[in-house]
Amino acid sequence: MNIFDLYLEKIIKIVTLASKAKEIEIPENLNGIKVDVPPVQFDCDISTNVAMVLSKANKKAPSVLAEQIIELIKKDDKEIENISVANPGFINIKFKNSFWSNFLKNIITNNKSFGINKKSIKKKYLLEFVSANPTGPLHVGHCRGAILGDVLSNLLSFNNHTVTKEYYVNDDGNQILHFSKSVYLRIREILKKEPFPKDNPDLYPGDYLINIAKNIIKNNKNSKFDNFEEVSNNLTKQSVEESLKLIKFNLKNLGIIHDNFISEEEIVKKKEVEKVIKKLKKNNFVYEGKLNAPKNEKSTDWKERNQLLFKSTDFGDDKDRPLQKADKSWTYFASDVAYHNNKLERNYDVLINILGADHAGYIKRITSVVEALSGNKNKLICKVSQLVKLIKDGKPFKMSKRKGDYITVEDLINEVGKDATRFIMLNRSSDVELDFDFTKVKEKSKDNPLYYVQYCYARICSVFRHVNININDKVNIKNFDFKYKLEEIKILRKISQWPQCIEISTSKLEPHRIPTYLYELASEFHSFWNMGRDNEEFRFINKDKNLSEEKLVLLLSISKVIKSGMNIIGVNTPEKM
RNA sequence: GCGCCUGUAGCUCAAUUGGAUAGAGCGCUUGGCUACGGACCAGGAGGUUCUGGGUUCAACUCCUAGCAGGCGCGCCA
């Protein structure tokens with residue numbers, strides 16, 4: 001039940017009817033009309049700008065027109081206690097108690113669907129996220145995008161869309177070869193006591209490779225590991241598998257489970273790259289040509305050559321993008337083009353990619369390809385998550401792949417925990433860089449907004465324990481005819497805004513609004529709770545049984561919204577803390 | 001040089017996709033625990049929303065020109 005949508009429909013209906021009766025003029029497009037949350041100082045529940053939008057067409061001052069519309073609304077609606085005009089022409093509405101009683105009754109009986117956006121058309125989404133190279137466990141840098149993707153998936157599913165979560169495994173190309181070579185050298189180190197070359201920047205120095213090497217030795221007792229070329233194929237495959245094991249373990253610890261893992265190598269092997277290039281060629285999006293040297297400092301040794309290019313400049317990219325390397329093997333981009341064609345062939349309505357900030361420069365070319373292949377500019381949405389700045393002991397902490405000293409997801413979960421990690425990573429818009437202060441999150445965990453929200457839920461559970469009601473049971477309420485105090489109405493207003501929070505988070509793919517909302521709701525609750533300290537009237541458990549029931553319904557609705565929101569962001573709501 | 005992101009209170013950030021007197025946390029400061037859980041609450045101080053111009057009933061939000069910071073800019077993935 002979205003009361004803002006409800007009243008928007010109502011108001012549009014009222015002005016449309018009035019225009020038919022020649023009482024007021026309306027323009028063709030009524031999109032500007034909105035029903036919104038009024039500022040707190042007005043003590044009203046909803047507010048509309050309808051008079052301001054229609055004032056031009058009626059050649060009347062907004063405040064004058066507003067008075068006229070107020071009369072129309074009053075005639076139509078019996079649930080309004082007070083309706084008034086505020087400068088420069090807003091119409092503010094305050095509901096009767098009965099409205100809120102009905103509202104609560106509605107959300108308690110339909111608590112599972114409260115917040116779902118019922119207007120939106122159900123779609124099939126493909127969400128690609130993480131897709132980190134399978135060369136080792138995940139580190140903190142991967143975390144933010146991983147959590148963002150997972151929560152977007154939850155959010156879309158919550159709104160009854162179909163979502164497939166996919167991980168693209170880059171198990172082909174030079175990096176994988178270097179990785180496999182590193183594993184080989186670790187194996188030699190173990191079997192033949194040959195020291196691992198520490199100074200080769202192409203190799204992967206991390207200690208986790210030793211474990212991977214050990215596992216592979218265990219599984220290949222007959223192999224001698226005498227010649228890299230001989231074992232390379234098999235070894236690469238097994239090394240990637242070992243890496244994926246680590247990655248899946250990390251993801252599971254974060255509470256993330258993908259539906260599909262798609263292998264780049266498989267796509268290349270199946271000649272899907274050739275297939276898609278043929279398709280693009282037919283439509284003149286691929287040609288043989290030369291590229292200019294890139295305009296950065298390290299482009300001194302640039303050699304111009306003829307090569308296969310995708311015409312991404314047709315779609316607004318800076319330059320056309322190469323599909324083939326000098327040795328005629330495919331570029332990363334080429335196989336990614338094939339992968340995206342593969343996605344398109346699986347008939348999804350919308351494709352979403354979650355990328356780290358360091359890959360943002362890649363967006364234009366890949367959206368261009370999807371547009372070229374599908375003819376639809378909005379088929380692929382790329383969402384960027386900005387960097388996480390790690391801070392330890394008040395100082396920025398730089399991770400270095402060369403030294404192998406980076407913080408893994410495992411370290412993070414062990415130190416901070418899944419819930420705190422998810423809540424903090426989500427608490428900010430993905431467009432801004434995030435400060436992740438280790439020492440703070442660990443030491444001062446009481447200042448963590450996660451606990452503030454969880455504490456709200458735990459307190460509610462504690463009340464229910466006192467009256468011997470299981471909070472998860474279906475609660476039978478006989479009487480819904482309650483009289484609410486202003487402080488309680490403030491909580492009800494906040495609850496009524498939950499569907500809006502979901503709607504905006506979903507349409508903009510911005511889940512950070514959810515933790516923000518939950519914090520605000522929890523704040524309303526804690527504030528009310530503390531009023532019961534001085535004044536028994538405000539306590540939830542009361543000698544007057546009817547009064548207690550009224551409060552318990554209110555509490556229950558808060559707990560339902562908190563739980564629902566925490567479910568979406570994938571964080572627990574313990575009943576005791 | 002070009003592209004993307006950011007610029008809001010001392011610090012870290014919100015702001016319902018253009019609304020009314022721009023809000024929180026931390027920090028500073030004054031107060032509140034014999035309680036339905038103090039992991040909490042109430043109050044105070046703190047603002048030229050980076051700058052200039054434009055669009056309109058209305059701009060933190062949109063357009064434009066700048067300034068500052070971050071990220072990226074082979075045939076690496």
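This is a predicted model: local features need pLDDT of at least 70, side-chain atom pairs count only at pLDDT 80 or more; totals for chains, interfaces and linings use all residues.

Trainee: Which domains does chain A have?

Mentor: Chain A is divided into domain 1 (3-95), domain 2 (101-120 + 448-569) and domain 3 (174-253). Between the centres of domain 1 and domain 2, taken over C-alpha atoms, there are 29 Å.

Trainee: How do you know how many residues of domain 1 and domain 2 are in contact?

Mentor: Contact means heavy atoms within 4.5 Å. By that rule, 11 residues of domain 1 are in contact with 10 residues of domain 2. The area buried between domain 1 and domain 2 is about 780 Å², with carbon and sulfur atoms giving 43% of it. On the domain 1 side, I3, F4 and D5 supply 43% of the area buried against domain 2, more than any other three residues.

Trainee: What makes K119 and D5 a salt bridge?

Mentor: The cut-off is a side-chain nitrogen of Lys or Arg within 4 Å of a carboxyl oxygen of Asp or Glu. In K119 and D5 the closest N and O atoms are 3.4 Å apart, so the pair meets the 4 Å limit. Across the interface of domain 1 and domain 2 the rule finds 3 salt bridges. It also finds 4 residue pairs in polar contact there.

Trainee: Which elements supply the side of domain 1 that touches domain 2?

Mentor: Both α1 (3-20) and β1 (35-36) supply at least two residues each. The largest share, 3 residues, comes from α1. By class, the residues on that side of domain 1 divide into 5 nonpolar, no polar and 6 charged.

Trainee: Why is Q500 called buried?

Mentor: Buried means under 20% relative accessible area. Q500 has 16% relative accessibility, so it counts as buried. Q500 lies in helix α18 (residues 498-507). Leaving out residues up to four places away in sequence, Q500 touches N2, F4, V35, D36 and V37.

Trainee: Which residues of α14 are buried?

Mentor: They are D419, A420, T421, R422, F423, I424, M425 and L426.

Definitions and conventions:
Residues are numbered from 1 along each chain as its sequence is written. Chains are lettered from A and ligands numbered from 1 in the order in which they are written. Side-chain values use heavy atoms; hydrogens and water are left out. Domain bounds come from an automatic or database domain assignment. Buried area is the accessible area (1.4 Å probe) that two parts lose on being put together, summed over both. A polar contact is a pair of N or O atoms within 3.5 Å; within protein, one must be able to donate a hydrogen and the other to accept it, and residues adjacent in sequence count only if both atoms are side-chain atoms. Helices (H or I, at least four residues) and strands (E, at least two) are DSSP runs, numbered from the N terminus. Ala, Val, Leu, Ile, Met, Phe, Trp, Tyr, Cys and Pro count as nonpolar, Asp, Glu, Lys and Arg as charged, and the others, Gly among them, as polar. Buried means under 20% relative accessible area, exposed over 50%, partly exposed in between (1.4 Å probe, protein chains only).
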